[in-house]
Structure formats: C-alpha cells, structure tokens
Amino acid sequence: DTRDPTSLRTPIVAVLGHVDHGKTSLLDKIRGSAVIEGEAGAITQHIGATAVPLDIISTIAGDLVDPDDFDLPGLLFIDTPGHHSFTTLRSRGGALADIAILVVDVNDGFQPQTLEALDILKRSETPFIVAANKIDTVPGWKENEDAPINDTYESQTDRVRERLDESLYEIIGNLSDEGFSADLYWRVQNFQRNVGVVPVSAMTGEGVPDLLTVMMGLSQRYMKEEMEIDVAGPGVGTVLEVKEEKGFGTTIDTVLYDGTIRADDTLVVGGQNEPIVTEVRALLQPRPLAEIRTESRFETVEEVSAASGIKVAAPDLADAMAGAPVRVVRDRDLDEVIAEVQAELADIAVDTAEEGVVVKADTLGSLEAMADALGEAEVPIVRAEVGDVAPRDVSVASTAEDPKQQVILGFNVDTLDDAEQRAEIEDVSIFTDEVIYQLVEGYEEYVENIEQ
Ligand code: GTP
Ligand code: MG
C-alpha cells in the first residue's frame, strides 16, 4: 500500500449556549434537512455528536457552498446540554473542539451560561461564531423556510428589520463588553480577529445555509493544517462522559481527534488516581440516525477513525474522568504512553493548599475552571476532584478549623444522600451550582454573612 496515510479529518464543532437557546434544535434542523433531501443515511450519528458530510452541507447551503472549494470532509457537531458545562474544549496537544458555535436566543440575549461559555472559549482560545437564534420570533416575522439570511431579511418589513437589528446589536454590544470585537458575519473580513454573528432560526431553517457556510469557510481557511492527521495511527481522544451501560459495565464516551481505535487495542485512560491501562472490549456506535437522545441501540464496530465520537467498553473504567485523555498504545512502548497521559493530567492539575475549601466538578476541565475562578477570588482549595459530593469529601471539609472553610463547592455535580446526612451532622455546608461564577458569588455571600 503506497497511499499517503496522512489525510484531512473532519473539524469538531462544539455547540454551546444557555439552556433552551436552541442548540439541539439547530442540530435537529440540520439533520432534518438531510432527511428531507433523502440523504439521511449520509449523516452519521455518533456518541454525543453528529457528522455531516460536505456534500450534505453543500446541498443545504445551496449556492453559498461549492463543494469544489473545500477539501475538508465535513463537520462533526457536538451538542452540549445547557446545564452541563463543556469546559474541556481543548486538552494538551489536541483539540476536543476545533471551533464552536455559541447559540444565543435573540429575545433572551446573554444569560449566565452564555457568559460561562464565552469564558470557556476565551480560556481555550477556541475560534467561534455566534448563532443569533429564534429570529422567527421577532413580532411580524415573515417565514421563508430554509432561506439564506439575506433573502429572508430583504422580504421583511422595515419595522421587523429594525427590531431584529436592535436585538443583533445588543448581542454585538454584549460580546464587546466581554472583550470580543464582533459584527454581523457578512461584515467580518478577518474571522480570527472578529467574531461573526449569524442570525438564524432553528425552527424555520432561515440562516442555516449561512451558518454552515461560515463554519465550513472558517475551518477550511484557518484549520486546514491542524486537520492533517495520520488516519491509521494510534488513536488520541478525550473522555466526554463516563457512563454505566447495561451489559457493558462502565463505558467511556470518547471524542477521537486523531488516528484510529480498533477493537483489539490497548488503551491508556486518565483516571482519578493513576492512568488506567485497559483492553478495548467493544467499540459501540449508535445506529445511523437512531434516536440520539436515548442512545440505547448500538452497533459494535471493529474500528473508528478521527474525528468521531465512540462509546468504548473496557474493564476497569470506574475511575476514568470526564475530560481526561485517552490514548491507544498499539505498537508503542506502554510506559511511554502512560507518561504521555500523566503529562497531560499534570497539565490540568489543580494547586492545593494546606487549608481551604473542598471542590468537586463534573469534568477535569470544569475543575480547572473552578480552580481559576477561586484563585481569582483568593479562596484556597484543600482538595479538588472530579465526581459527585461523597461522604469522604464531608470528612475532609469537617476537619477545617476556619468555619469559612468547612465548605464543599460542587459544580455540575450531585450530592450523594449519605454525604448530605453526614454534612448536617458535621456542620459542613455544601454549595452546588451549574454556573461557576454564581457558585463563587454564593460562597462569597456566605463568607460575608459569617464575618458580620
Ligand atoms: P438545552 O439542551 O436544555 O440546553 O436546550 P437547547 O439549547 O438544546 O434548546 P432546544 O433546542 O431544546 O430548544 C429549546 C426550545 O426552544 C424548544 O421548545 C424549541 O422548540 C425552541 N426553539 C429552538 N430554536 C427555535 C427557533 O429558532 N425558533 C423558535 N420559535 N423556537 C425555537
Ligand atoms: Mg439541548
């Protein structure tokens, strides 16, 4: 075989935004358009992700996208639930998301999780565009199913256009307040310097051709080199979620961004205590266009290549962490791969002090973001871990001498029942929230009350 093993992979697009602003609807719309075009089979459903090939994008975008202008194979969209932080957009040496779409409801404007998402994008230096969604809800809006924004905009009355413009400029102003220079996407010359705002409706499909065009253009222009991978090489990815799966035990939903994972591979996965070395038992993919939200029907596959989402079943995954690296060993030295994973984990480790609060978070990335926020607020941390609030966290918090530190701060995690009972007995306060700065503010208020 004399083929060049290097090829261009699909860019990974994270869809972020506040609860109910329309992230899933937008992806449903893209999937639905493909179904209507009779091309449903071309779209593949991955774990937590949807792969849309270039020819489908070109069909939906119409005149806006000529497939001959592109050599990237399409886009892989990762949906993120609004209540679930997605702070691990980038890991050392690789990207979980190459680019992102920040969805903002034009009526609702900027909301806590919009700000949180912006913060994540800033920290991870992920290029993004803003989808100003639900334009069809502007009073008096005349729907033009699946039309490019320019066409539908021209067909609205002056009053409607003014109202839409007002909402869009408010979003642009909000972005500017957060330190991003932004403008309507057709006015943006350099997408590396300015954030493009694309008006869309996930309901009517208006503006969706523009959105896909801009995403494709952005990736082609700025990402092409990063998309060059050795497709046959050992796989590299990030754990999206750790989940129990009937009949398979603990599994890891993984986003693969380089190389290949095979059904007979040995993996090294970042764990709570030390890297986990394990053998793949099964690679599980949802059936094509299977009900994405239930993800209960899987097909076992022999091999997957980047970029893709895949559920990996393997023994000993109970300690695996969301946001941790996954690496295939294949014909390399096992110790070397373990060292690579350790180095990646060390990079996202949190500095702890002799005394301080206990911090729990849902992913490694969000733990890191929490540590940053607490650092800025000058709150010391005694222990920082991924996972739900457990009785042993209460034990640690209860040993603090300063009552202000007899505290557990949990971001996007649950509190186990026995931990709650124990906290009451031991007089430990547990704060949980789904927005980092609200969690920190809540704690600061608590401290102020104690000090008074
Ligand atoms: P979470 O996953 O819970 O964070 O929400 P989400 O961002 O995925 O929002 P979702 O797509 O579930 O949409 C929330 C609600 O808004 C649903 O009732 C949708 O029908 C509605 N919606 C989404 N997009 C549009 C739109 O463009 N126009 C209108 N009119 N409604 C929309
Ligand atoms: Mg959703």
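Which residues is alanine 132 in contact with, leaving aside its neighbours within four places in sequence?

A: Happy to! Keep in mind that this is a predicted model. Beyond its neighbours within four places in sequence, alanine 132 is in contact with Val104, Val106, Leu168 and Ile171, and also with Val197, Val198, Pro199 and Val200.

Now for the wider setting. Ala132 belongs to the largest nonpolar core, which has 122 residues. Ala132 is listed among the residues with the most contacts inside this core, together with Val13, Leu102, Val130 and Val359. Helix α6, residues 208-223, gives the most to this core, with seven residues. As general background, nonpolar side chains in soluble globular proteins tend to be buried together.

Another spot worth a look is proline 275, found in the loop between β16 (266-269) and β17 (276-279). Proline 275 counts as buried because it has 23 C-beta neighbours inside 10 Å, where 20 or more are needed. Not counting residues up to four places away in sequence, proline 275 touches Val268, Val269, Gly270, Ile338, Val341 and Gln342.

Finally, a helix pair: α9 (residues 391-398) and α10 (residues 417-426) pack at an angle of about 20 degrees, with axes 8 Å apart. That angle makes α9 roughly parallel to α10, and α9 passes α10 in a right-handed crossing. On the α9 side, Pro391, Asp393, Val394 and Ser398 meet Asp418, Ala419, Arg422, Ala423 and Glu426 of α10. The residues of this contact divide into four nonpolar, one polar and four charged.

How values were computed
Residues are numbered from 1 along each chain as its sequence is written. Chains are lettered from A and ligands numbered from 1 in the order in which they are written. This is a predicted model: local features need pLDDT of at least 70, side-chain atom pairs count only at pLDDT 80 or more; totals for chains, interfaces and linings use all residues. Axes are lines fitted to C-alpha atoms, for helices over the stretch in contact, and angles run from 0 to 180 degrees between N-to-C directions. Helices (H or I, at least four residues) and strands (E, at least two) are DSSP runs, numbered from the N terminus. Angles under 35 degrees count as roughly parallel, over 145 as roughly antiparallel, 65 to 115 as roughly perpendicular and the rest as oblique. A crossing is left-handed if the near helix is turned anticlockwise from the far one by less than a right angle, and right-handed if clockwise. Two residues are in contact if their C-beta atoms, placed from the backbone, lie within 7 Å. Ala, Val, Leu, Ile, Met, Phe, Trp, Tyr, Cys and Pro count as nonpolar, Asp, Glu, Lys and Arg as charged, and the others, Gly among them, as polar. A nonpolar core is a set of buried Ala, Val, Leu, Ile, Met, Phe, Trp, Tyr and Cys residues joined through C-beta atoms within 7 Å. A residue is buried if 20 or more other C-beta atoms lie within 10 Å of its own, exposed if 12 or fewer, and partly exposed in between; C-beta atoms are placed from the backbone.
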